[in-house]
Amino acid sequence: MISKKIEKAINEQIKKEEYSSRLYLAMASWCHANGYPGAASFLYTHADEERMHQLKFVHFLNDRGGHAVLQNIEEPPAEYKTLQAIFKEILKHEQYITASINELYHLCVTEKDYTVANFLQWFITEQVEEESLVNGILD
Ligand code: OFO
């Protein structure tokens, strides 16, 4: 069983993963429409990966006796200045997601929910890879 506090925090994370997917889809669409097919293809795939992250949380929360609830999601920007600006924005967003996962992990340890903490290990490793990938592209 999962505490209400952790359930609420996971639902917040579900919202953030859904936003990530929509943000990268909006960026993919801009790249596609503005003559950057390679970046568009990369970002379409990345948007799918974020949706997979969202689903991982949804399944886990429901499996643990909680209830994954979808929330309102703000509209991602439709216009971008340059391709480099897009990837700078992605890096900033991924750093924000890393901080959010770390906060969630901290909450689980504080609440002594080691099952959720263990589940979050996958995301902690994933964030190292994602930040490194985007940093590499920017370089
Ligand atoms: Fe990009 O890792 Fe999920 O949000």
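What follows is a working chat about the helices and cores of this predicted model.

Colleague: What should I know before reading the values?
Modeller: This is a predicted model, so local features need pLDDT of at least 70 and side-chain atom pairs count only at pLDDT 80 or more, while totals for chains, interfaces and linings use all residues. Residues are numbered from 1 along each chain as its sequence is written, and side-chain values use heavy atoms, with hydrogens and water left out.

Colleague: OK, α1. How many residues does it have?
Modeller: α1 has 30 residues. From first C-alpha to last it reaches 43 Å, close to the 44 Å expected at 1.5 Å a residue. The expected span is 1.5 Å times one less than the number of residues. Helices are DSSP runs of H or I, at least four residues, numbered from the N terminus.

Colleague: And what comes just after α1?
Modeller: Glycine 35, with a positive phi of about 85°.

Colleague: Is isoleucine 14 buried or exposed?
Modeller: Buried, because its relative accessibility is 1%. Buried means under 20% relative accessible area, exposed over 50%, and partly exposed in between, with a 1.4 Å probe and protein chains only.

Colleague: What is isoleucine 14 in contact with?
Modeller: Gln54, Phe57, Val58, Leu61, Ala68 and Leu70, leaving aside neighbours within four places in sequence. Contact means heavy atoms within 4.5 Å.

Colleague: Which residues of the largest nonpolar core touch the most other members?
Modeller: Ile6, Ile10, Ile14, Phe57, Val116 and Leu120, out of 19 residues. α1 (4-33), α2 (37-63), α3 and α4 (114-138) each supply at least two residues of this core. A second, separate core of 18 residues includes Tyr19, Cys31, Tyr80 and Leu91. A nonpolar core here is a set of buried Ala, Val, Leu, Ile, Met, Phe, Trp, Tyr and Cys residues joined through side-chain atoms within 4.5 Å.

Colleague: What does valine 116 touch?
Modeller: Ile2, Ile6, Ile10, Phe60 and Cys108, not counting residues up to four places away in sequence.

Colleague: Switching to α2. What covers its buried residues?
Modeller: The cover includes α1, α3 and α4. Among the buried residues of α2 are His46, Glu50, His53 and Gln54.

Colleague: How do α2 and α4 pack?
Modeller: At an angle of about 170°, with axes 12 Å apart. They are therefore roughly antiparallel to each other. Axes are lines fitted to C-alpha atoms, for helices over the stretch in contact, and angles run from 0 to 180 degrees between N-to-C directions. Angles under 35 degrees count as roughly parallel, over 145 as roughly antiparallel, 65 to 115 as roughly perpendicular and the rest as oblique.

Colleague: Which residues meet there?
Modeller: Phe42, His46 and Phe60 are among those in α2, and they belong to a set that meets α4 residues including Trp122, Glu126 and Ile137.

Colleague: Now glutamine 127. Buried or exposed?
Modeller: Buried, because its relative accessibility is 3%. Glutamine 127 lies in α4. It touches Glu94, Ile97, Thr98 and Ile101, not counting residues up to four places away in sequence.

Colleague: And glutamine 84?
Modeller: Glutamine 84 lies in α3 (residues 83-110). It is partly exposed, because its relative accessible area is 48%. Its C-alpha is separated by 7.1 Å from that of leucine 138, 54 residues apart along the chain.

Colleague: Last one. Where is lysine 112?
Modeller: In the loop between α3 and α4. Lysine 112 has a positive phi of about 60° although it is not a glycine. It counts as exposed, because its relative accessibility is 62%.
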